[in-house]
Amino acid sequence: MTTYPVDAFTAPKGTYDLTPPDSATFLAVREALAAPLRRSGYGYIETPGFEHVELFSRGVGESTDIVTKEMYTLTTKGGTELALRPEGTASVLRAALERNLHKAGNLPVKLWYSGSYYRYERPQAGRYRHFSQVGAEAIGAEDPALDAELIILAVDAYRSLGLRDFRLLLNSLGDKECRPAYREALQGFLRGLDLDEDTRRRIEINPLRVLDDKREAVRKELVSAPALRDHLCEACKAYHERVRQLLTAAGVVFEDDEKLVRGLDYYTRTTFEFIHDGLGSQSAVGGGGRYDGLSEMIGGPALPSVGWALGVDRTVLALRAEGVELELPAATDVYAVPLGEAARDVLFDLVTALRRAGVAADFAFGGKGLKNAMKSANRSGARFALVAGERDLAEGVVQLKDLASGHQTPVSLDAVVEELRARRG
Ligand code: ATP
Ligand code: MG
């Protein structure tokens, strides 16, 4: 006999189950984050939950936390090295290249996605090993309006949910013209600091990432680091200025943050992050940027692109922190309560007819008594109960009860679907 540790029957560390009623909020947030994209020319893309490890080690970057510490990797029985996807951009670009979407003659290719991502992190509030993102990528165009479009769409998504206490941090990371000189200047500065082994190694591989260090002691040392802003080439400066103008014209407030470099290696020029101040240390609710070099890094042609990913879990937490309750449509409009066997069959048919007519309806299953069934009706959130016993059926009616007012009226069986459809408004 196999014995299982008790843990086998609890959710793994760093994960949580989404169950009703909270799951309805989660789903609504996911839909709200995607809604602005869907009306802005972005098409839906879905890629596998796992990819070849090399896609991420090359596409996300060998020196990033994601690749060095956070990836869930596995070897298949056939010996293939796979990784559960830790982020969406590399996969989406891989899929676009593989399916030749960039050759269909309509650049930029604009795509959105929604799904689960996996990172082996130290779990804490707002930081999970399995989490959800809604993301967008615009592939194959270098145009400051495209960077601005994506940022505006993210802002509109947060606002549509009623979020207020979020801030947008904005920076430019330069490009292959100006970043190398800055990189050297930064390395020179960083080598002079008193830093630990790991960080010293990072200075040599990806010094910009050191600017992203969250530790207070390190941040203090970085105060006088050379600023990228002073090293941007004319083209990058002009590009960034355009993005800033377009955002301002759209009424989007942002903060210039020259220390914002973000975790991934592939970013160029525009980078941004959305911070929510009610979330403690896991304060980033979303982020993104331009990644002009990524396509070439994973074997494709030059395809300047820009994208973002918004964290669904943290957005839900942010709404909670602000006390925002979403107005969700009731899961059930009408709840049917049969009294007796003959009524069960008639009401069951009626529930089916209501559902087919677009009215959300549920039924008192399991042969409950009237009292219990009415309790279930109330708990379901339905506005109306349909109650019928033998006498009602003999008269060809059901009782339509308004659950808020308690008011009850008989409605003819033939008319009840139309009546409820109309009342639902
Ligand atoms: P952080 O700095 O908090 O680690 P990140 O820079 O690694 O975030 P991204 O890779 O930019 O995050 O992912 C975009 C968004 O996805 C984040 O802003 C965040 O809202 C969410 N996210 C990232 N990692 C996690 C996680 N482990 N648990 C929950 N949400 C996450
Ligand atoms: Mg991270």
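Buried denotes a relative accessible area under 20%, exposed one over 50%, and partly exposed the range in between. All views show a predicted model.

**Figure 1. Aromatic pair of Tyr 72 and Tyr 120.** With ring centres required to lie within 6.5 Å, the count of aromatic pairs comes to twelve. In the pair shown, the ring centres of Tyr 72 and Tyr 120 are 5.7 Å apart and the planes stand at 90°, so the pair is edge-to-face. The two residues are 48 positions apart and link distant parts of the chain: Tyr 72 belongs to the loop between α3 (65-70) and β3, Tyr 120 to the loop between β5 and β6. Tyr 72 is partly exposed, at a relative accessible area of 26%; Tyr 120, at 45%, also counts as partly exposed.

Figure 2. Ring pairs join Tyr 158 and Phe 166 with Phe 272 and Phe 274 in a cluster.

**Figure 3. Charged groups over tyrosine rings.** The charged end of Arg 85 sits over the ring of Tyr 117, at 4.4 Å from the ring centre.

**Figure 4. Largest nonpolar core.** This core comprises 44 residues, and those with the most contacts inside it are Leu 33, Leu 37, Tyr 42, Ile 151, Leu 247, Phe 274 and Trp 308. Among the elements that give two or more residues to the core are helices α1 (22-38), α10 (234-249) and α12 (312-322), together with strands including β6 (130-139) and β9 (268-276). Helix α5 gives the most, with nine residues. Beyond its neighbours within four places in sequence, Leu 33 is in contact with Val 134, Ala 157, Tyr 158, Leu 161, Trp 308, Leu 310, Val 312 and Thr 315. A second, separate core holds 27 residues, including Val 60, Leu 93, Ala 96 and Tyr 113.

**Figure 5. Surroundings of Ile 152.** Ile 152 is part of helix α5 (residues 144-160) and is partly exposed, at 22% relative accessibility. Leaving aside neighbours within four places in sequence, its contacts are Leu 246, Leu 247, Ala 250 and Val 252. Gly 251 lies 99 residues from Ile 152 along the chain, with 9.0 Å between their C-alpha atoms.

**Figure 6. Eight-stranded mixed sheet.** The strands of this open sheet follow the order β1-β5-β6-β11-β10-β9-β7-β8, and their pairing is mixed. Its edges are β1 (43-44) and β8 (255-256), each of which pairs on one side only. Strand β5 (residues 109-118) pairs with β6 in the antiparallel sense over ten bridges, and Phe 131 in β6 is the bridge partner of Tyr 117. Helix α10 lies across β7, β8, β9 and β10 (284-290) and runs at about 160° to β7.

**Figure 7. Three-stranded antiparallel sheet.** Three strands in the order β2-β4-β3 form an open sheet with antiparallel pairing. The edge strands, each pairing on one side only, are β2 (50-52) and β3 (73-75). From one strand to the next, the twist averages 35°. Three bridges join β2 to strand β4 (residues 81-84) in the antiparallel sense, and Phe 50 stands opposite Leu 84 in β4.

Terms used: Residues are numbered from 1 along each chain as its sequence is written. Chains are lettered from A and ligands numbered from 1 in the order in which they are written. This is a predicted model: local features need pLDDT of at least 70, side-chain atom pairs count only at pLDDT 80 or more; totals for chains, interfaces and linings use all residues. Side-chain values use heavy atoms; hydrogens and water are left out. Helices (H or I, at least four residues) and strands (E, at least two) are DSSP runs, numbered from the N terminus. Buried means under 20% relative accessible area, exposed over 50%, partly exposed in between (1.4 Å probe, protein chains only). Contact means heavy atoms within 4.5 Å. Two strands pair if DSSP finds at least two bridges between them. Axes are lines fitted to C-alpha atoms, for helices over the stretch in contact, and angles run from 0 to 180 degrees between N-to-C directions. A nonpolar core is a set of buried Ala, Val, Leu, Ile, Met, Phe, Trp, Tyr and Cys residues joined through side-chain atoms within 4.5 Å. Rings of Phe, Tyr and Trp (its six-membered ring) pair if their centres lie within 6.5 Å; planes under 30 degrees apart count as stacked, over 60 as edge-to-face and the rest as tilted. A charge sits over a ring if NZ of Lys or CZ of Arg is within 6 Å of the ring centre and within 35 degrees of the ring normal.
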